[in-house]
Amino acid sequence: MDQVIRGTIVTPVGPIENGWLAIKDGKIAAIGERNAPAAASTHDAGAAYVIPGIIDGQTHAGSYAGLPGIGSTTRSAVAGGITTIVDMPYDNPAPLNTIERLGEKKAAVAAHAHANVALYATVMPGQDMSSVQPLIDAGVVAFKISGFESSPTRFPRIAADQLLDLFEALAPTVVPLGIHNEDQEIVRARIARAKAAGQNGIEAHSSSRPLAAEQASTAHFLELGALSGAHAHIVHLTSARGFHLVENYRRDGFRSTGELCVHYLWFDPTIDNALGARMKVNPPIRPGQIEALWADVVAGRVAFVSSDHSSWPIDNKFTPSIFDAGAGVPGLETLLPAFYTGAAQRQLDALRLTVEQLAERPAKFFGLWPEKGVLQPGADADIAILSLEPQVWDETMAHDELNWSPFHGRQFACRVAGTYVGGKLAWDGQAVVNQPGDGKYAPRLVSHWFQ
């Protein structure tokens with residue numbers, strides 16, 4: 001064998017204490033206990049958990065620095081135990097909406113990536129559907145559009161008629177269509193009202209983008225998806241009501257799913273208002289929703305949990321008014337410890353939920369299973385080592401070139417002690433040790449959510 005890793009090996013049938021995992025040619029070759037096979041090198045993780053590499057189902061690597069931003073984003077990913085990111089299409093200066101732009105982004109992955117990268121694609125206003133199937137054939141794992149226009153060129157709004165066309169093009173496939181779910185007219189009118197009233201703090205952010213705007217967009221999208229027969233996916237729901245709405249469609253036999261971002265499980269604008277714009281995301285973090293959202297995770301109504309990592313520098317947050325501050329937070333190095341810690345604090349089965357929500361379920365959702373998201377023979381040797389050593393998160397130690405976080409100073413119950421990408425050590429617990437280009441483009445394979 002090329003390498004053996006010893007520790008508590010977390011497999012689909014349960015943890016193997018004092019177990020071992022053997023790697024050969026970038027794949028998991030065998031798993032067992034007691035006597036391990038001979039190997040060129042051995043790593044003993046001690047009492048730490050050896051788990052599948054985390055798959056972060058929602059990142060924005062190129063939203064600020066463009067395609068070279070894949071480098072710093074994936075450095076941060078492997079430091080957080082993340083072996084695959086699923087990157088959104090809204091790159092600077094133009095989104096991924098053609099086969100040519102897919103080629104450019106794949107080249108950037110080959111040049112810069114420390115972790116594996118799967119890709120969303122999109123369409124632009126007025127674009128016909130002729131590009132959809134070539135992008136699917138080339139391996140994109142999902143499509144995404146927005147119900148709210150942040151930028152007419154980089155993050156545009158797609159009108160309902162074109163949305164229906166896209167749903168109908170995707171209906172014969174297993175490829176999901178996701179949405180940024182906010183109603184533009186409601187949001188713009190409520191922001192204008194808040195500004196006129198002189199409201200400019202973090203509390204006004206949630207009320208100016210009310211749950212009604214989120215739910216109106218969500219319901220409209222789910223209904224178009226249901227009537228076209230396509231897989232409709234909400235990429236961030238902020239309330240229990242949102243997940244119950246999605247669940248109603250699923251129970252009626254439609255392909256509908258909802259995703260949760262980890263910051264919605266930690267923050268509350270009425271409690272954490274001192275963070276100000278440092279916790280500004282869209283859709284907003286809602287007051288009083290944390291425990292209800294954890295209940296949705298436990299009940300299985302959440303498809304998977306992601307970071308929604310945004311590569312905005314902190315200067316983007318320093319504005320007099322909350323409405324002028326950039327939306328989005330870094331999250332790659334805090335996704336795993338924050339989720340595990342939140343589950344453990346509530347006396348849930350933190351290990352099982354972490355592996356399910358951060359590895360197994362996104363792997364199945366994006367067509368990466370069983371090559372990724374699981375420790376078993378034949379799977380890719382994408383591995384994280386999770387040590388139950390408490391830590392206080394220090395934003396200055398991040399590896400994303402951003403070095404700020406709403407989680408700064410928070411106590412976590414664990415830390416990432418090692419990350420392997422394709423059988424190669426990428427993070428040794430102290431530093432990123434693999435090279436740009438060691439991460440690979442990860443195309444959609446055969447698995448899907450509704451098998």
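**Cavities and pockets**

Mentor: Sorted by class, the second largest cavity is lined by five nonpolar, two polar and no charged residues, where Ala, Val, Leu, Ile, Met, Phe, Trp, Tyr, Cys and Pro count as nonpolar, Asp, Glu, Lys and Arg as charged, and the others, Gly among them, as polar. This is a predicted model, in which local features need pLDDT of at least 70, side-chain atom pairs count only at pLDDT 80 or more, and totals for chains, interfaces and linings use all residues. Residues are numbered from 1 along each chain as its sequence is written, and side-chain values use heavy atoms, with hydrogens and water left out.

Trainee: Which residues line the second largest cavity?

Mentor: Its lining consists of Ile 202, His 205, Ser 206, Pro 269, Met 279, Pro 284 and Ile 285, around a volume of about 40 Å³. On a 1 Å grid over the protein atoms alone, a cavity is a set of points where a 1.4 Å probe fits but cannot get out, a pocket is an open set with protein on both sides within 12 Å along at least five of seven lines, and lining residues have an atom within 4 Å of a point. Grid points are joined across faces, edges and corners, and a volume is the space filled by probe spheres set on the points.

Trainee: What about pockets, how much volume does the largest pocket have?

Mentor: The largest pocket has about 650 Å³, and of its 30 lining residues, Ser 150, Asn 282, Trp 312, Gly 326 and Ala 327 lie nearest its centre.

Trainee: And what classes line the largest pocket?

Mentor: Nine nonpolar, twelve polar and nine charged residues line the largest pocket.
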